[in-house]
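I opened this structure to learn my way around it. These are my notes, in the order I looked things up.

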Amino acid sequence: MDFAFNEEQLELQEMVRDFVAKEITPNVSEMDKNNEATPGLMKKAADMGLLNVVVPEEFGGPGLDSVTIAMIYEELGKGCAGVATSMAANSLATAPVLIAGTEEQKKMYCDLLNNGGLAAFALTEPGAGSDAGGVSTRAVHDKEKGTYTLNGTKAFITNGGIADIYLIFANTRASGGIRGLTAFIVPRNTPGFKVGKKEDKMGIRPSNTCELILENVVIPEKNRVGREGEGFRIAMKTLDAARPFVGSVAVGLAQAALDYAVKYAKERRQFGQPVASFEMVQGMMADMAMKVDAARLLVQRACMMRDQHVEFSKEAAMAKCYAADTAMSVTTDAVQIMGGYGYSREYPVEKMMRDAKIMQIYEGTNQIQRLVIANKLLR
Ligand SMILES: Cc1cc2nc3c(=O)[nH]c(=O)nc-3n(C[C@H](O)[C@H](O)[C@H](O)COP(=O)(O)OP(=O)(O)OC[C@H]3O[C@@H](n4cnc5c(N)ncnc54)[C@H](O)[C@@H]3O)c2cc1C
């Protein structure tokens, strides 16, 4: 076991830090206000190779291991959790194809990402969040024509309004339920496919979150990923794979808040001394630092287990849940250490606190993560 990054990883880390310093940090406040990423940012990210980090070498990608990918997302999370979320959504939406797709589907999807394309993963619906089996989007098979017709509405989809390709879960059974859940690839320009309302969110505002509407969207059979009814297994495997990456964005966010609060506490003086000299402030900082380190280690362990191809659902859930809770508590404490200035939009930590909340909600709420962990313990 080696906790140090190798030369190649350190170089990559430096490159991402540089990208964050030049392209993200100067625009964070503007992006937050505008509720969207700076125009052209995703193109620059694509040119830096940040949109296809999960693409294997055999499909023309960088073939990175999960620990390295998590390191990249942590650096992006330090800059802006919203931008990091948008980029990580590409990995989330590609995982189902890498898990269960045909060679042709993998090639098509990976080529798109290699060329700077954006993807979206669409499972959630207005009536189906934590309960994925409640998906009511219908996929009706026409065996003669060799097509599926999709009808339904998806909610809260990251990259929903800006993606080129969508991985959509629909039910092939009229009666619904987990057994009919099936994954489909839907290109953006497919007739009947529409982007609905854009969410006006509390945090991660540079990431695009939209509703998707499918009205008689006809796609060929070859766009089905895996077998009919295999969608639930594919979705769960995808979420296992992606959860450590959510954790890594949360770790980056928490680390950035801690760094900012420490710097501020050394400069801010009250009662004739820096607030950092007060033991109660030091205690908060120590707790924050312990949590951030523990969260990072949980993320790295889950990533290592994934790369070793051993069962890691419990560890992935632990990493996501603990890192998300850490991001929430550390950003809240960062605001506390900065007093009124922490609460002001003139300083970056109030945005970090708003951004942190989503970490406990998306890709399975932290209640669902605890269910996953407990189920594994009680097996
Ligand atoms: C900004 C943003 C981006 C998102 N991006 C995507 C995306 O790209 N793709 C996608 O498919 N979805 C996405 N989502 C959806 C997200 O994954 C869901 O919001 C999340 O899974 C929770 O579902 P819900 O909102 O319907 O809450 P609900 O499922 O209605 O849950 C409400 C509350 O009940 C609790 N709860 C529910 N069931 C249980 C249970 N069995 N035991 C204990 N507690 C329970 C929950 O933890 C929560 O506190 C996104 C959401 C947001 C806000």
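For helices (H or I, at least four residues) and strands (E, at least two) I use DSSP runs, numbered from the N terminus. The model is predicted, so I note its limits: local features need pLDDT of at least 70, side-chain atom pairs count only at pLDDT 80 or more, and totals for chains, interfaces and linings use all residues. Numbering starts from 1 along each chain as its sequence is written.

**Helix α6**

I checked the length of α6 next. The expected span is 1.5 Å times one less than the number of residues.

Then I looked up burial. I call a residue buried if 20 or more other C-beta atoms lie within 10 Å of its own, exposed if 12 or fewer, and partly exposed in between, with C-beta atoms placed from the backbone. In α6 the buried residues are Lys-106, Tyr-109, Cys-110, Leu-112 and Leu-113. Down the helix axis they fall within an arc of 155 degrees, so they line one face. That arc is taken over the directions from the helix axis to the C-beta atoms. Exposed Glu-103 and Glu-104 sit on the face turned away from the buried side.

What do the buried residues of α6 pack against? I found α5 (81-100), β1 and β4 (165-171). Contact here means that the C-beta atoms of two residues, placed from the backbone, lie within 7 Å.

**Helix α4**

I compared α4 (residues 66-79). It has 14 residues and reaches 20 Å from first C-alpha to last, close to the 20 Å expected. Burial covers most of α4, with 13 of its 14 residues buried.

**Domains**

I noted three domains: domain 1 (7-117), domain 2 (120-227) and domain 3 (232-378). Their bounds come from an automatic or database domain assignment. The C-alpha centres of domain 2 and domain 3 are 30 Å apart. Between them, 13 residues of domain 2 contact nine residues of domain 3. The domain 2 side of this contact has nine nonpolar, four polar and no charged residues. In these classes, Ala, Val, Leu, Ile, Met, Phe, Trp, Tyr, Cys and Pro are nonpolar, Asp, Glu, Lys and Arg are charged, and the others, Gly among them, are polar.

**Ligand shell**

Which residues come nearest to the ligand? Of the 22 around it, they are Thr-124, Gly-129, Ser-130, Thr-365 and Gln-367. A residue is near if its C-beta atom, placed from the backbone, lies within 6 Å of the molecule. Domain 2 and domain 3 each give the shell at least three residues. β1 (119-122), β3 (147-158) and α12 (366-378) each supply at least two. By class, I list 12 nonpolar, eight polar and two charged residues.

Asn-35 lies between α2 (28-34) and α3 (41-47). Its phi is positive, about 65 degrees, although it is not a glycine. Asn-159, between β3 and β4, also has a positive phi, about 70 degrees. Is each of them buried or partly exposed? Asn-35 is partly exposed, with 16 other C-beta atoms within 10 Å. Asn-159 has 27 such neighbours and therefore counts as buried.
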